[in-house]
Amino acid sequence: MASLVAYDDSDSETEADPARSGDAAGQISDASDMSRPSGMGFVSSTVGVTKEGAQHTGNAPNEDAGKQRLPLARLWRSDPGSCPSQRLQWPSKEPGTSFPPSEPPHPSLWMSRAPVGHVPLAAACLKPLKPAWDVLRPPHDQSALESTAGDASSSQRKRGEDCVLPYIPKRLRQLQEPNPGASGGKDGDPLGPPAGCAPAPLCVAPAVSEFIQPYLNSQYRETMVPKKVLFHLRGHRGPVNSIQWCPVFCKSHMLLSASMDKTFKVWNAVDSGHCLQTYSVHSEAVRAARWSPCGRRILSGGFDFALHLTDLETGTQVFSGQSDFRVTTLKFHPKDHNVFLCGGFSSEIKAWDMRTGKVVKGYKATIQQTLDILFLQEGSEFLSSTDASTRDSADRTIIAWDFRTAAKISNQIFHERYTCPSLALHPREPVFLAQTNGNYLALFSSVWPYRMSRRRRYEGHKVEGYAVGCECSPCGDLLVTGSADGRVLMFSFRTASRACTLQGHTQACLGTTYHPVLPSVLGTCSWGGDIKIWH
C-alpha cells in the first residue's frame, strides 16, 4: 500500500508540468466569458500555485485523475470522452486570445486633454516602456505551448536549455554584424520607438510666442541674473548631455536636449514647459545633438556610430551616415550649412557633406579622443580640444586647424596638464573660453598665436571629469558654467568675480545656455536627467 501511494505522488509530479504549461490558458479562461460544458465544474475548484508555477488541484478522489491534469484551454474544446492521446495535442496558437495577467497602468486624466501635436511628460515616460507581461514572458514561451508535453525530467531539461544562449565565435559575430553599432544595447531595447522608425511630425504653432514677440524688434538688453525656476522639465531617463535653444529667434521657445537614454527631445521651454516631441532614431546613447541654422532640422550623433539629420516637419531622416567611431561632438560650419564637423573616440576629425553623404576632409592628430570643436574667423579656422594631457603631449590639448587645407595652425596653445571638455566663443570680443579639469575657466585670444590670459581666471566650480559646459551671455557681460556638485555659477567677464551661485541640481550640472532673445532666461541640465529653466 505504501508503494502505491508513492507511485501516485510521483505520477502527480510527472504530469504537473503540462498543467504548468496550461497556466496561461487557465488565465485566459478566467478572463474570458466563454461558456464551459457541464461536468467541468472541477476546473473552478481551489487551485494552489507554488513558487515553481505548478498547480495542485483540490478535487475529490473519485474524479478522473487524467481529466484533472488537462490544460484548462483544452477542457471545453474536446469532448469528455476523448482518449488520453488527444490531450497531448495542444491547441494551436491563436493571435489575439492571450491576455495579460494584469492590466497596464492607466495614464492620468490630464493626458487626454493635451493638444493633438503635444506629447506630455507622462506619455513620454509611459510610451517607451514595454508592458510588464511582454517583458516577463520567456522568449520560448510560444514554442513551449506548441510542443508536446513530455515527462518531468525532459521538460526540466528543456527549460534549462532555453535559458542558455548558444556560443557564437567572435569571427562569426563580426561577419554577422559588420557595423559595431548596428546591434542594440545590452541593457535592453531602446526607449521610445525602435531605432530607425520615423517619429511623428513636430506640430509647432505658426505664431510667435507672446513672451518672445516684444523682444524681436528691439536690441538685446543687459543680461539679468536669474533668481527662480520657471520650469522643471522631467522626461529623460538618463543623463542629459547638452541642451540648445533654437537659433531662429522667432522659434527660440523650443529647446533641444540630448540624453544618454538613446533619445533627444524638443521642449516648449518658454510658454508651457511641455515636451513637444521625442525622437528615438539611435540605438545607443545620444552624445551630441545640434539645431541646424535654419531651425527646421536636428543633427544628432551617438555611441551607435550613427549620424542622422531629422526633419522636424516630416519626422524623417534627411541624411543618415555611419561613422567609424563613437560620436561625442558635432558642429555646423557657420557659412556652408551643408557641411559639419564630427569628432569622437578617434584620432581624426571628419568633415561631412550632407548633399553627397560622404566625408570630404579629415583632420588627423596623434590623439585618442576629441572632446569639443569651436569654429573661429567665420569658419576659416577651428579649434579642437582633446584628451592628450600626458607629460610629453600637453601641447596637443587644444589644436588650431585650417579648415580648407586641414593643416595645423598651432598646437602650442594650452601648456597646462589639464584636459578641456568644452570650449565657448565670446560674442563680442576676439577671445574664447576653455573649461578645464583643473576646476577653472581659462581665457584665450581667438587670433594667432592664441595666447592665454594670465590675469583673468574664473574658478570656484568643480569639473571632476564630467563634460561640464560653459557659455557667455549674448551681451558678453556674464559667463555661466555648471559644476560637478550640481551648482550653477555666473562670473563677471571683466573682473572675473563671481556674480551669482544657484543651487541648481542634486547631481552634476553638465550644460548651461542663455536664451538668445530673452535677457534673463537660462537653461541648465544635469546628470540626473532633469532640465531647469531659470528666470
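How do β21 and strand β22 pair, and over how many bridges? In this predicted model, the two strands run antiparallel and share 6 bridges.

**View 1. Strand β21 meets β22 (residues 440-445).** Look for Ala434, which stands opposite Ala442 in β22. The hairpin of these strands has 3 residues between them, and here Asn439 takes a positive phi near 65°.

**View 2. Strand β21 also pairs with β20 (residues 422-425).** This pairing is antiparallel too, with 4 bridges. Leu423 has Ala434 of β21 as its bridge partner. Between β20 and β21 the chain passes through a hairpin of 5 residues.

**View 3. Strand β21 (residues 431-436) is largely enclosed by the rest of the structure, because 6 of its 6 residues are buried.** In a regular strand, side chains alternate between the two faces of the sheet. Here both faces are covered: one side holds the buried residues Val431, Leu433 and Gln435, and the other holds Phe432, Ala434 and Thr436, also buried.

**View 4. The largest nonpolar core has 17 residues.** Leu233, Trp245, Leu255, Ile531 and Ile533 have the most contacts inside this core. Two or more residues come from each of β3 (229-234), β4 (240-245) and β30 (530-534), and β4 gives the most, with 3. Apart from this core lies another, of 16 residues, including Leu383, Ile413, Phe414 and Ala434.

**View 5. Here are the contacts of Ile533.** Beyond its neighbours within four places in sequence, Ile533 touches residues including Phe231, Leu233, Trp245, Leu255, Ala269 and Val521.

Conventions
Residues are numbered from 1 along each chain as its sequence is written. This is a predicted model: local features need pLDDT of at least 70, side-chain atom pairs count only at pLDDT 80 or more; totals for chains, interfaces and linings use all residues. Side-chain values use heavy atoms; hydrogens and water are left out. A nonpolar core is a set of buried Ala, Val, Leu, Ile, Met, Phe, Trp, Tyr and Cys residues joined through side-chain atoms within 4.5 Å. Buried means under 20% relative accessible area, exposed over 50%, partly exposed in between (1.4 Å probe, protein chains only). Contact means heavy atoms within 4.5 Å. Two strands pair if DSSP finds at least two bridges between them.
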